[in-house]
Amino acid sequence: SISVRQPLFNGFRTTNEVYEAEASVKAGRENLRLVEANTLLEAVSAYVDVVSAQAVVRIRENNVRVLSEELHAAKTRRAVREVTRTDVAQAQARLSGAVSTADLARADLKKARAMYQRVIGHEPSNLQMPPLHLKQLPNSLEEAWRAAERQNPSVGSALHREEAARYAVDKIRGELLPEVNLEANWGVRENANAFYEEQEQASITGRVNIPLYDGGDTRARVRQAKQI
């Protein structure tokens with residue numbers, strides 16, 4: 001025996017389910033773009049943080065060398081009574097502060113290098129400040145807003161989720177509409193009874209189901225979907 005059932009109309013539920021799924025896929029792709037953008041931003045930030053920390057360390061270490069020379073000069077002048085002990089003590093205090101600041105800068109550099117290795121996957125080596133292509137930046141704040149509305153993955157994902165939710169409303173509303181199916185059956189039996197050696201049956205049936213009352217459940221789910 002063979003039975004075939006072909007849906008002809010189901011209140012556009014299948015069509016709306018397909019559209020809902022396609023919109024959800026588009027939203028997922030936008031979310032992927034957001035993850036990619038965040039990953040690239042982390043990589044750029046890690047790179048520039050290392051470059052910046054290296055520059056700060058060079059400045060702090062140079063400051064230590066300058067203040068060391070100033071302290072040496074103050075001690076020399078103190079030896080010939082040109083300055084007081086207070087001047088020497090002040091020079092020593094400035095040098096101590098510079099040394100402490102340099103140590104902090106080196107610690108920040110180690111932190112930046114560790115973050116770089118976590119994001120990029122290997123230790124930084126010979127990093128230089130990259131050239132800035134300012135031509136790729138918006139010329140005004142309004143232009144930046146327009147570009148964000150067109151291209152921002154978060155906005156795109158929200159729009160596609162809204163689209164999917166609208167199709168979900170139509171899908172549930174389709175349960176209130178009639179459903180039409182075409183059914184075909186064919187079968188054959190051998191030695192069915194003593195009078196026939198073979199019996200064959202075939203039928204084609206059109207079936208229409210019309211929902212009349214379901215206690216308001218479908219309409220309640222439609223309202224729920226609209227709120228979503």
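## Basis of the model

Helices (H or I, at least four residues) and strands (E, at least two) are DSSP runs, numbered from the N terminus. Isoleucine 2 is found in strand 1. The model is predicted, with local features requiring pLDDT of at least 70 and side-chain atom pairs pLDDT 80 or more, whereas totals for chains, interfaces and linings use all residues. Residues are numbered from 1 along each chain as its sequence is written, and side-chain values use heavy atoms, without hydrogens and water.

## Nonpolar surface patch

A nonpolar patch on the surface is formed by Ile2, Val4, Trp186 and Val188, which together have about 340 Å² of accessible area. Strand 1 (2-9) and strand 2 (179-190) each contribute at least two of the patch residues. Patch members have over 30% relative accessible area and no salt bridge, and nonpolar side chains (Val, Leu, Ile, Met, Phe, Trp, Tyr) are joined within 5 Å. A salt bridge places a side-chain nitrogen of Lys or Arg within 4 Å of a carboxyl oxygen of Asp or Glu. Areas come from the Shrake-Rupley method with a 1.4 Å probe.

## Residues with positive phi

Phenylalanine 12, in the loop between strand 1 and helix 1 (13-79), has a positive phi near 65°.

Asparagine 126 lies in the loop between helix 2 (85-120) and helix 3 (141-151); its phi is also positive, at about 55°, although the residue is not a glycine. Asparagine 126 counts as exposed because its relative accessibility is 71%, the class being defined as over 50% relative accessible area (1.4 Å probe, protein chains only).

Notes
Patches are made of residues with over 30% relative accessible area and no salt bridge: like charges are joined within 9 Å, nonpolar side chains (Val, Leu, Ile, Met, Phe, Trp, Tyr) within 5 Å. Buried means under 20% relative accessible area, exposed over 50%, partly exposed in between (1.4 Å probe, protein chains only).
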